[in-house]
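Colleague: Can you walk me through this model? I'd like to go through the helices, the core and the charged pairs.

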Amino acid sequence: MSSNVLIMESCDWRYKETMSNRNVPRPISYAQKRTSAAGRGGGRPTQERWSSREQQPEWRARKEEESGKKADPESPGSPRGTCQSMCPNRELQERESQNRLHRFETLAGTEKRAGERCRRPRADPKRTVKEYSRPAAGKDSTRPSDLRPPAVLLRTVCYLIDDIATMPGQTSWNEVYDFVFDRLRSVRQDMIIQRTAGPESRAVLERTVRLLAYASFRLCGEPLRFYDPRINDTHLQESLSWLLRCYDTEPGPHGNREEFQALSLLYNLGSSRVLQHTLELPERLRSSPAIALALSINRAFSERNPVRLLRLAQRLSFLQSCALHRHMAAVRRDLLLLYSHGLSSRNCRFPLPRLAKLLALDVAHAGQLCRAHQLEVHQDDQVVFSKTCFGEPEPGGLRCTAQHDVVDGKQGDLARLGRIIHEGSVNKGDCVGTFTL
């Protein structure tokens with residue numbers, strides 16, 4: 001058979017195969033199916049699904065709070081709470097029937113005793129506080145009877161501070177913190193859903209920031225199962241950012257603005273974003289004593305001048321010291337590293353009491369800090385600095401609670417602490433003078 005005949009038969013066979021494959025449906029990808037279904041009306045497009053979600057008031061309020069937009073309290077989509085108690089009656093009865101009451105919420109005399117199995121504690125309406133619940137599908141979180149108006153929210157926060165957080169005789173402040181933190185989260189949830197604004201909302205946020213700042217100091221160094229600093233930091237930052245936006249957008253006067261602008265700068269030491277926001281404030285605010293001191297400390301931190309920073313830190317108020325406390329370990333470490341390089345010599349001795357004064361610690365804790373960094377401390381309280389011997393502490397070898405002296409000296413009793421959380425500095429407007437309780 002000639003080659004021309006073979007070529008013609010091959011072309012004829014390919015043509016027949018191509019024509020027959022035209023009737024065979026080609027495979028369609030999953031994305032094409034979704035697109036074609038949406039175009040024919042057989043399915044809901046992605047944008048439509050998201051738009052239906054955005055119709056939920058609590059979701060819109062949450063997104064506005066995260067993006068920094070000002071919530072409009074007069075918006076027709078914002079629900080108005082009518083619950084006049086700290087816990088809605090529906091939730092109180094539900095938690096009582098499900099035995100989900102905290103011991104701080106049970107009625108006196110109905111507590112479950114050892115050995116009792118069937119006894120169910122009863123709820124005390126005056127002590128039960130609405131707990132935080134995550135938004136769930138099919139759950140209506142905008143029911144007015146379940147939402148507390150701003151006045152009730154402020155009264156709830158005051159109760160948590162006066163009767164729980166600063167109440168004498170509490171066995172474990174870890175348990176106190178868990179209860180108060182959850183109930184404060186529920187308060188913020190009600191505020192977000194209702195898009196609250198005004199003096200009462202600012203008062204709630206101010207007390208929340210002060211209490212969380214104190215908790216960041218009080219529970220620093222606790223095991224992770226008792227206290228998670230990242231979660232506390234997240235909620236403190238959100239409350240603080242919300243409060244500062246209220247100061248920027250709502251009409252004044254705002255008597256506590258200087259205090260919280262300074263707290264924001266001290267808590268976020270070294271943050272360029274917070275520093276820029278502070279420098280953009282009016283001259284009257286930037287020159288106030290509290291903010292001027294915070295700016296000086298931030299400058300010393302940026303210049304890696306730990307000696308000047310620790311000296312300025314002695315002039316802070318109690319809450320300002322709590323906000324700065326999480327940076328103190330790094331500052332003290334920088335000071336020891338600086339001296340280890342500048343005074344590195346076998347024949348050089350540095351008095352430990354003088355070093356303790358620079359570190360804002362007592363002599364015992366200063367010696368413990370030096371040994372943790374592999375520095376030699378003689379029995380006659382003399383420190384030998386060496387840049388070759390300096391090292392980092394072993395994991396778990398240095399507890400932060402041993403370095404709380406600079407703040408503990410300003411704490412005082414719980415009653416005084418409650419007053420500080422409510423009002424800020426004891427002497428209103430005097431945030432610079434040495435604060436001693």
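Modeller: Start with helix α10, residues 257-267, which is mostly covered, with ten of its eleven residues buried. Buried means under 20% relative accessible area, exposed over 50% and partly exposed in between, with a 1.4 Å probe and protein chains only. Helices are DSSP runs of H or I with at least four residues, strands are runs of E with at least two, and both are numbered from the N terminus.

Colleague: Before I go on, where do the numbers come from?

Modeller: This is a predicted model, so local features need pLDDT of at least 70 and side-chain atom pairs count only at pLDDT 80 or more, while totals for chains, interfaces and linings use all residues. Residues are numbered from 1 along each chain as its sequence is written, and side-chain values use heavy atoms, leaving out hydrogens and water.

Colleague: Fine. Which residues of α10 are buried?

Modeller: Among them are Arg257, Glu259, Phe260, Leu263 and Tyr267.

Colleague: And what covers them?

Modeller: The cover includes α8 (199-218), α9 (229-249), α11 (272-279), α12 (283-286), α13 (289-302) and α15 (318-324).

Colleague: Which residues touch the most other members of the largest nonpolar core?

Modeller: Val180, Ile297, Leu336 and Leu355, out of 90 residues in that core. A nonpolar core here is a set of buried Ala, Val, Leu, Ile, Met, Phe, Trp, Tyr and Cys residues joined through side-chain atoms within 4.5 Å.

Colleague: What does Val180 touch?

Modeller: Leaving aside residues up to four places away in sequence, Val180 touches Leu160, Ile164, Ala165 and Leu211. Contact means heavy atoms within 4.5 Å.

Colleague: Switching to charges. How many salt bridges are there?

Modeller: A search of the whole structure gives 25, each a side-chain nitrogen of Lys or Arg within 4 Å of a carboxyl oxygen of Asp or Glu.

Colleague: Is Arg284 buried or exposed?

Modeller: Exposed, because its relative accessibility is 60%.

Colleague: What about Glu105 and Arg183, buried or exposed?

Modeller: Both are buried. Their side chains form a salt bridge at 2.9 Å, N to O. Glu105 lies in the loop between α5 (89-97) and α6 (150-165), and Arg183 in helix α7 (residues 173-194), 78 residues apart. Both belong to a salt-bridge network that also includes Arg90, Glu91 and Asp182.
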